[in-house]
Amino acid sequence: MVSNETAMPPPLEPVVLDNGPTRWLDRFFTPGTENRERLRHAVLRVLVAANLILGFYYISWRYTSSINWAVWPLSLALLAGETYSYIDAWFFGLCIWRLKRRSGAGPPPVDATVDVFITCYNEPIDLVRRTARAAKRMRYPHKTYILDDGSTPAMRQMAEEEDVGYIVRSEDWKGRNRHAKAGNISNALLQTDGEFILFLDADQVPHPHCVDRILGYFKDPQMALVQTPQVFYNVPKGDPFNSQAPLFYGPIQQGKDGWNAAFFCGSNAMIRREALMMSGVRRYVWELERRVHRALRAAHKLLADARKQPAETSPPHVRQALSVLQLAVGGAQEALRRGVPIQEVTWRFQGIARDISGRLVREDLSRIYAELADIPGIDAGDAADLQASLSGLLDDGESLAALTSRQSSPLAAIEAVRSLLLAVDVDREDEAQPIMPMSTISVTEDMATAMRLHATGWRSAYHHEALVFGLAPEDLRTALQQRLRWAQGTMQVMLRENPLLIHGLSWGQKLMYFATGWTYLSGFFSLVYLASPVLYLFFGILPVRALSNDFFWHLLPFLIVNQLMFVVVGWGKTTWRGQQYSLALFPLWITAVISACENVWFGKKLGFVVTPKTRPGGGITYYGLVRTQIITMIILALAAFWGLARLALGVTDDGWPILINVLWIAYDLVMLSAVLDAAAFQPYQDFEPEPPPAPFPLPDLAASS
Amino acid sequence: MDVRVEIQTNGVAVIALDGRLDLLSAVTVKERLGKEVLAGNMRLVVDLGAVTFIDSSGLGALIGGLKAARQAGGDLRIARATNQALVVLKLTSLDRVLRPFASVEEAVAGY
């Protein structure tokens, strides 16, 4: 069943990467010797500091002497946007300040046990086969498993043919929330036993030395997570969808790593099982406590209300039962406050409640269930159903409130309380597994999971070396859906577990996590940035008091140093696409934030971008998906034209303000044009991408230190 | 991991574990606890006295057993946790759910 390569791997050959840059400036800025690294880092820090100081110089001038109060709504909106961007510059600066270039993990431990999880959900069999083969070929002894959430016979057969492990959901998951990929992994964790787990997506082909290269980090007993960059082998020249994210899988990850906050991306990463399991057990305890407290509070209210009802509806023995039960609830609450274990408290309470209601309720069951059944979220066909529905209520504040605010007969109240407390049993009846090692609060389970690990003192590393090669989206629709999901997931985490409030994270970690969410708010401020020049050119509304020399001398140094900083940070990489996309996808960011808020606050389902495809002559283009951007571009172009025409015709002599706004528009147009390229992009028909032939040489990271 | 089961006169099943309760033995122990419950012994006491090492996967197995027992209307208690086990219980805050009884007798007494 399981591949277990026990042959000792040959020693790693140090390979010197010698296609290095030759220009002196390149030699200076490209990773290389330690001295050069230090110098580069020093230059970066100077630029970061200069950027923030000049930014402060500008923003303080904006606050103190350039707000145009005559058009205060727009002025304040623009100022808010600029403040947002300045705070963003701080987050970026803090991140880069600690940029950490690791020089390799050192040799791996000799006797570690490693599991490789290939998560898949109905991907083409041959794609997964390629991944499975490459995974099996890795040198370090390990077991490879396919985690097939589609559970198809063909996939099972392939796993058998390739002699790798095959895992599907256990019986426990039937009819319960599957929690997508997080559930798939949590399920497999309870069926396997390796100390370390390498996560691969269905399309991700690992290098034969992948495990060797990163396992060494785990010699640090506190090391929980090692993330490697996501590299794609099907990305065409120009990277139309900005898949490679060179700024993120590089300086940003290295900066976060410097704060011990390397960002977990869910795959091409290795995790220590103990860290995940410990986090799962803690989470179990935390959720259980919350549910018990909620149930007891609800029970208290139900009983208090039932006792207030007129005497004729409740004979003396019922009233007595109510007061005994209420005492028991109070006793349970008191016991929990004193620190008596939950198991004991619930066991005792359930004994009392079972006793009381058993005597009273038996004869009236059907009437009581009928009465309870018209509470939203409850399906009280019989005792077991009632318990299950009440269990669901404990995670759903609204329906729980509906239950407790409602007048019911004393008997029904007693039964409801009894079932409520049975529902809050220690077994998490509503979940397939009491322990969920992977967080389920967000569609980006990876981020939430890693944040919990960081909050409990575990360490992480970002290993900057291409070891795993995958497939990027090949059309705009898929690319947009992927970005939307990331943005929505991040916002879910922000709203459900705000990193700034998480106990146990260092302030640096809090800021690094918060910064990730912060960037997704940019959509709203992009609106202001896009609207400002249009409003000026069409209507003469200027949110800044003077576009004069003063404005230039405050803004220009900041802009220049800012661009210089990006040039040095992303030296030798094209970070341009990333800059374009952060503005160009503004409608998507706005949708993501709004839908995540609706999801977290009002329980609405997360939606996806759905727009019909258009098919002009053979190829598929996706202009419909970027309609908003196209309309925006047209408005911007018209505004620029209008402004220039007025200037040319001598209608106005506001030369500078018009030119500045036209330049501003030109910049916006260049940024937005990224989506036009992407929408028109046609995947090469005869291009069958292949992962790099393995083994290909890896640069010797250790040699450079 | 060595597992011995002894059914006491009051119907409580005392399950004595011997060895390491860790990621390697967790799956087996969880299955074994489930089997006891299925066999009708739903009131369990797990004797940890001879467990030399326990990790979070091991705790996961105990929680799995607790789930099975509770669903059958029973319970699972732990007794004679070693210092190392107590540290792990504290670290994961599982001591807020499970009371570590000092002896098997104490654990059985309350049932």
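Reply: The nonpolar surface patch covers about 690 Å², and the residues that make it are A:F538, A:F539, A:I631, A:I634, A:I635, A:L638 and A:W642. Bear in mind that this is a predicted model. Two helices of chain A, α19 (522–539) and α23 (627–648), each put in at least two of the patch residues. Helix α23(A) gives the largest share, with 5 residues.

Take A:I634 as an example. This isoleucine sits in helix α23 of chain A, and its relative accessible area is 48%. Patch residues need over 30%, while "exposed" is kept for values over 50%, so A:I634 counts as partly exposed.

Chain A has 24 helices and 10 strands. It exposes about 30,900 Å², with carbon and sulfur atoms supplying 61% of that area. Of its 705 residues, 54% count as buried. If you take the contacts in chain A with a separation of 6 or more, 81% are between residues 24 or more positions apart.

On to the strands. Seven of them, in chain A, form an open sheet with mixed pairing, and the order is β3-β2-β1-β4-β8-β6-β9. At the edges stand β3 (165–167) and β9 (459–462) of chain A; each has a single partner strand, so one side of each is left without a neighbour in the sheet. On average, neighbouring strands of this sheet are turned by 20 degrees against each other, ignoring direction.

Within that sheet, β1 (residues 114–120) and β2 (residues 143–148) of chain A run parallel and are joined by 6 bridges. One pairing to look for is A:F117, whose bridge partner in β2(A) is A:Y145. Helix α6 (residues 180–189) of chain A lies across β1, β2, β3 and β4 (196–201) of chain A, and runs at about 145 degrees to β1(A).

There's also an open sheet of 3 strands in chain A, ordered β5-β10-β7, again with mixed pairing. Its edge strands are β5 (205–206) and β7 (231–232) of chain A, each pairing on one side only. Strand β7(A) runs parallel to β10 (residues 468–470) of chain A, and 2 bridges join them.

How values were computed
Residues are numbered from 1 along each chain as its sequence is written. Chains are lettered from A and ligands numbered from 1 in the order in which they are written. This is a predicted model: local features need pLDDT of at least 70, side-chain atom pairs count only at pLDDT 80 or more; totals for chains, interfaces and linings use all residues. Side-chain values use heavy atoms; hydrogens and water are left out. Two strands pair if DSSP finds at least two bridges between them. Helices (H or I, at least four residues) and strands (E, at least two) are DSSP runs, numbered from the N terminus. Axes are lines fitted to C-alpha atoms, for helices over the stretch in contact, and angles run from 0 to 180 degrees between N-to-C directions. Contact means heavy atoms within 4.5 Å. Patches are made of residues with over 30% relative accessible area and no salt bridge: like charges are joined within 9 Å, nonpolar side chains (Val, Leu, Ile, Met, Phe, Trp, Tyr) within 5 Å. Accessible areas come from the Shrake-Rupley method with a 1.4 Å probe; for residues, only the protein chains shown count as cover. A salt bridge is a side-chain nitrogen of Lys or Arg within 4 Å of a carboxyl oxygen of Asp or Glu. Buried means under 20% relative accessible area, exposed over 50%, partly exposed in between (1.4 Å probe, protein chains only).
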